[in-house]
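Hi,

Here is the structure I promised to pass on.

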Amino acid sequence: MILNKPKVSILGYLMNKTFLAIIPARGGSKRLPRKNLLDLCGKPLIAWSIEAALKSKYISKVIVSSDDEEILNIAKEYKADFIKRPDELASDTATTFDALKHTLENVEKYDYVVLLQPTSPLRSEKHIDEAIELLKEKNADAIISVCEVEHSPLWSNTLDENLDMSNFLRDEVLNKRSQDLSKYYRLNGAIYICKTDKLLQNKGFFLKENIYAYKMNKKHSVDIDEEIDFIIAEKLMQHNNN
């Protein structure tokens, strides 16, 4: 008699894989100066991402990559590993991939890279774990988090200097209610996961195939770029804590 083999649980499978969480945090920021260090509900902004990563069931190691000594000291305070980024990788022209590659060149090999931007403080360990579990469910090479757009792009267009709106909307959109339009999703910047070798080969997370979206709701998708984003994140976090 042939017995059916027991299915390997998602948890068991993922526990045999290694996930490196990298939190890139430059010291400089033009739109919101020193934003990664700003106090958000009693903690530096970057601390929320560090704590979420450390609480994940699947993350093997958490590394903060920064050019800034104060940020590196906060990483140490919150029990994350850290790596000093060269000045040339902290300029306005340096890419996130440059910082990731530098980190990967200075640590042991991991199966997957999990990019957690510190500007997404409302993303929790629950979201990280769900995204990693989706990776297994889909047998994917990459997962990227998204949320539904606030306003349909079908209601959008460019404007010339004359502000002419003669052909601003396509005919098939005219007289339609917003709820009748197709749903669109945008990147929310919270979670990027990719097989390490695929990431290095592709020089980015956006693979041509075997890549899937992890959907998050809008209230957890605040991406802090300007002061208004910080105010919204603070109010939402205060509401959640209450």
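Phe19 is buried, with a relative accessible area of 0% (buried means under 20% relative accessible area, exposed over 50%, partly exposed in between, with a 1.4 Å probe and protein chains only). Before you go further: this is a predicted model, so local features need pLDDT of at least 70 and side-chain atom pairs count only at pLDDT 80 or more, while totals for chains, interfaces and linings use all residues. Residues are numbered from 1 along each chain as its sequence is written, and side-chain values use heavy atoms, with hydrogens and water left out.

Back to the inside. Phe19, Ile191 and Ile193 have the most contacts inside the largest nonpolar core, which has 35 residues. A core here is a set of buried Ala, Val, Leu, Ile, Met, Phe, Trp, Tyr and Cys residues joined through side-chain atoms within 4.5 Å. Two or more residues each come from strand E1 (19-24), helix H2 (45-55), strand E4 (59-66), helix H3 (69-77), strand E6 (112-115), helix H5 (125-137) and strand E8 (185-195). Helices (H or I, at least four residues) and strands (E, at least two) are DSSP runs, numbered from the N terminus. Another core lies apart from this one; it has 17 residues, among them Ile83, Leu100, Ala142 and Tyr192.

What is Ile193 in contact with, leaving aside its neighbours within four places in sequence? The list is Tyr112, Val113, Val114, Ala131, Ile132, Leu135, Asp141, Ala142, Ile143 and Phe205, where contact means heavy atoms within 4.5 Å.

H2 is mostly covered, with 9 of its 11 residues buried. Those residues are Leu45, Ile46, Ala47, Trp48, Ser49, Ile50, Glu51, Ala52 and Ala53.

On to the aromatic rings. Rings of Phe, Tyr and Trp (its six-membered ring) pair if their centres lie within 6.5 Å; planes under 30 degrees apart count as stacked, over 60 as edge-to-face and the rest as tilted. By this rule there are 2 aromatic pairs. Phe19 and Tyr112 count as stacked because their ring centres are 4.8 Å apart and their planes are at 10°. This pair links distant parts of the chain, with Phe19 in strand E1 and Tyr112 in strand E6, 93 residues apart. Tyr112 is buried too, at a relative accessible area of 5%.

Tyr192 and Phe205 make a tilted pair, at 5.4 Å centre to centre and 50° between the planes. Tyr192 sits in strand E8 and Phe205 in the loop between helix H6 (196-202) and E9, 13 residues apart. Tyr192 counts as buried at 11% relative accessibility, and Phe205 is buried with a relative accessible area of 7%.

Now the charges. Searching the whole structure gives 16 salt bridges, each a side-chain nitrogen of Lys or Arg within 4 Å of a carboxyl oxygen of Asp or Glu.

- Asp225 and Lys35 meet at 3.8 Å, N to O. Asp225 lies in the loop between strand E9 (211-215) and helix H7 (227-241), and Lys35 in the loop between E1 and strand E2 (39-40), so the pair ties together parts that are 190 residues apart in sequence. Asp225 is partly exposed at 28%, whereas Lys35 is buried at 13%. Arg31, Lys35, Asp225 and Glu226 are linked in a network of salt bridges.
- Lys57 and Glu133 meet at 3.5 Å, N to O. Lys57 is in the loop between H2 and E4 and Glu133 in helix H5, so parts that are 76 residues apart in sequence are tied together. Lys57 is partly exposed at 46%, while Glu133 is buried at 19%.
- Lys84 and Glu69 have their closest N and O atoms 3.2 Å apart. Lys84 is in strand E5 (residues 81-84) and Glu69 in helix H3, 15 residues apart. Lys84 is partly exposed at 42%, and so is Glu69 at 47%.

Last, the surface. Leu159, Leu163 and Met165 form a nonpolar patch with about 330 Å² of accessible area together. Patches are made of residues with over 30% relative accessible area and no salt bridge, with like charges joined within 9 Å and nonpolar side chains (Val, Leu, Ile, Met, Phe, Trp, Tyr) within 5 Å; the areas come from the Shrake-Rupley method with a 1.4 Å probe, and for residues only the protein chains shown count as cover. Met165 lies in the loop between strand E7 (142-148) and E8, and counts as exposed at 52% relative accessibility.

Cheers
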